[in-house]
Amino acid sequence: MVGSRQNLPSWISAAAANRVDFEGNVSSMTETTLKEGSSSSSSEKGLSDVNLGFGERAFSAAGAAVLSAILVNPLDVAKIRLQAQAAGVPYQGLCRIACFDTNTMLPDWRCSVSSTRAVVGSEPVCPPECNQYKGAMDVLYKVIRQEGFTKLWRGTSASIVLAVPTVGIYLPCYDIFRNLMDDFTTRSAPNLTPYVPLVAGSVARSLACVSCYPVELARTRMQAFKETQTGVKSAGVWKTLLGVINPVKSTNLLQNLQNYRVLWTGLGAQLARDVPFSAICWSTLEPIRRRILELAGDQASAASILGANFSAGFVAGSLAAAATCPLDVAKTRRQIEDPARALKMNTRKTLLEIWRGGGMKGLFTGIGPRVGRAGPSVGIVVSFYEVVKYALHHRHLTQ
């Protein structure tokens with residue numbers, strides 16, 4: 001791979017050029033080559049994405065996140081509705097009759113068939129299939145028919161509010177950690193270089209998750225529950241979070257402060273999902289992207305960068321999404337639980353509950369829309385981010 005490294009586009013940082021080849025081996029140079037190339041590598045870094053400011057990185061990432069959130073939100077709604085239905089959340093049909101039947105996990109949310117018979121004697125107002133989702137396409141069809149086309153984008157405001165800070169933290173931190181770790185492992189521990197994307201992605205994602213988790217909680221709840229009253233505006237992020245806090249409020253100030261941890265309900269499940277997702281995604285994406293960019297050579301254009309990053313991101317995101325689907329199901333269930341019960345549960349108990357209730361099928365509920373959403377989403381975010389970085393790099397060159 002020594003020779004092929006010379007074919008990488010010049011705008012890629014020297015640190016990035018010294019990563020992992022497609023087979024997972026560490027590329028190495030002779031001591032003479034390192035000495036001869038030290039001055040040129042230093043110059044190349046000075047003009048590369050390594051020296052882009054955090055603000056410029058955050059701007060690139062935030063723009064990518066907003067675009068992705070808008071385009072793939074309908075699939076996110078489909079995935080969450082399927083997972084929420086498996087957890088016991090009922091979805092009323094065209095009859096829109098509210099029905100109440102207690103459930104230890106989701107009180108007042110499970111609907112019995114008998115409750116739909118109140119208006120028309122012994123016959124249900126809606127046929128059973130009207131109140132049940134059969135798959136991702138069925139969710140999309142019924143949301144459009146029963147709630148309106150725009151409801152496919154329910155939770156988009158939360159997705160955008162979430163995406164800007166989350167991805168604005170995630171991708172720049174990944175870049176920074178990756179470059180620092182690349183430099184360190186190249187000098188001190190070359191055998192560890194293949195694991196740099198894995199570790200950098202995991203740490204960066206953890207920071208982003210913890211920082212913005214309450215908005216993620218609100219987004220999931222906004223997408224999981226549909227409005228039962230016609231003409232009523234759907235709750236926004238703030239109102240949704242207040243609805244989570246109110247059931248556990250207390251007159252005791254100290255107790256109230258402790259109860260605010262309900263806003264981080266499911267954080268463990270989110271980290272358990274996102275850390276391996278990032279590890280799988282970046283350790284898959286980096287070698288694929290590297291190989292495609294090597295084929296483009298030093299004359300890489302914005303179009304080739306876009307294509308390489310989207311292709312690598314699509315494959316990596318799809319694989320990572322499929323592998324972490326059970327943890328995504330657990331995260332969704334933790335986030336839509338009754339707040340009082342949620343404080344007593346944990347990720348392990350939730351996974352056991354899902355296994356007992358639905359087996360392997362239950363653990364992989366919503367895998368279709370999850371994979372269908374994650375592949376394009378990762379491809380869009382990474383390609384947009386890298387193209388904007390490429391444009392900013394060339395802007396610096398002309399100044």
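Helices (H or I, at least four residues) and strands (E, at least two) are taken here as DSSP runs, numbered from the N terminus. This is a predicted model, in which local features need pLDDT of at least 70 and side-chain atom pairs count only at pLDDT 80 or more, while totals for chains, interfaces and linings use all residues. Residues are numbered from 1 along each chain as its sequence is written, and side-chain values use heavy atoms, with hydrogens and water left out.

**The whole chain**

Begin with the protein chain in cartoon view: it contains 15 helices and zero strands. Switch to a surface; the accessible area (Shrake-Rupley method, 1.4 Å probe; for residues, only the protein chains shown count as cover) is about 18100 Å², and carbon and sulfur atoms account for 63% of this. Of the 399 residues, 50% are classed as buried, where buried means under 20% relative accessible area, exposed over 50%, and partly exposed in between (1.4 Å probe, protein chains only). A contact requires heavy atoms within 4.5 Å. Among the chain's contacts between residues at least 6 apart in sequence, 78% join residues at least 24 apart.

**Helix H11**

Select residues 302–323, helix H11, and locate Ser318 within it. Is serine 318 buried or exposed? Serine 318 is buried, because its relative accessible area is 15%. Leaving aside residues up to four places away in sequence, Ser318 touches Val371 and Gly375.

Next, show Phe310 and Phe314, which lie four residues apart in H11, about one turn of the helix. Phe310 is partly exposed, because its relative accessibility is 32%; Phe314, at 36%, is likewise classed as partly exposed.

**Aromatic pairs**

Rings of Phe, Tyr and Trp (its six-membered ring) pair if their centres lie within 6.5 Å; planes under 30 degrees apart count as stacked, over 60 as edge-to-face and the rest as tilted. The whole structure holds four aromatic pairs. One of them joins Phe310 and Phe314: it is tilted, with 6.1 Å between the centres and 40 degrees between the planes. Move to Phe149 and Trp153, another tilted pair, 5.3 Å centre to centre with planes at 55 degrees. Trp153 is partly exposed, at 29% relative accessibility. Then select Tyr170, Tyr174 and Trp282, which form one aromatic cluster.

**Helices H7 and H12**

Colour H7 (residues 196–224) and H12 (residues 325–336), which pack at about 85 degrees with their axes 9 Å apart. The two helices are therefore roughly perpendicular. Axes are lines fitted to C-alpha atoms, for helices over the stretch in contact, and angles run from 0 to 180 degrees between N-to-C directions; angles under 35 degrees count as roughly parallel, over 145 as roughly antiparallel, 65 to 115 as roughly perpendicular and the rest as oblique.

Which residues make the contact? H7 contributes Tyr213, Glu216, Leu217, Thr220, Arg221 and Ala224, and H12 contributes Lys331, Thr332, Gln335 and Ile336.

**Cys209**

Remain on H7 and select Cys209. Cys209 is buried, with 4% relative accessibility. Its contacts, excluding residues up to four places away in sequence, are Leu267, Gln270, Leu271 and Asp274.

**Tyr141**

Finish at Tyr141 in helix H5 (residues 136–147). Tyr141 is partly exposed, at 47% relative accessible area. Leu152 is 11 residues from Tyr141 in sequence and 9.7 Å from it in space, C-alpha to C-alpha.
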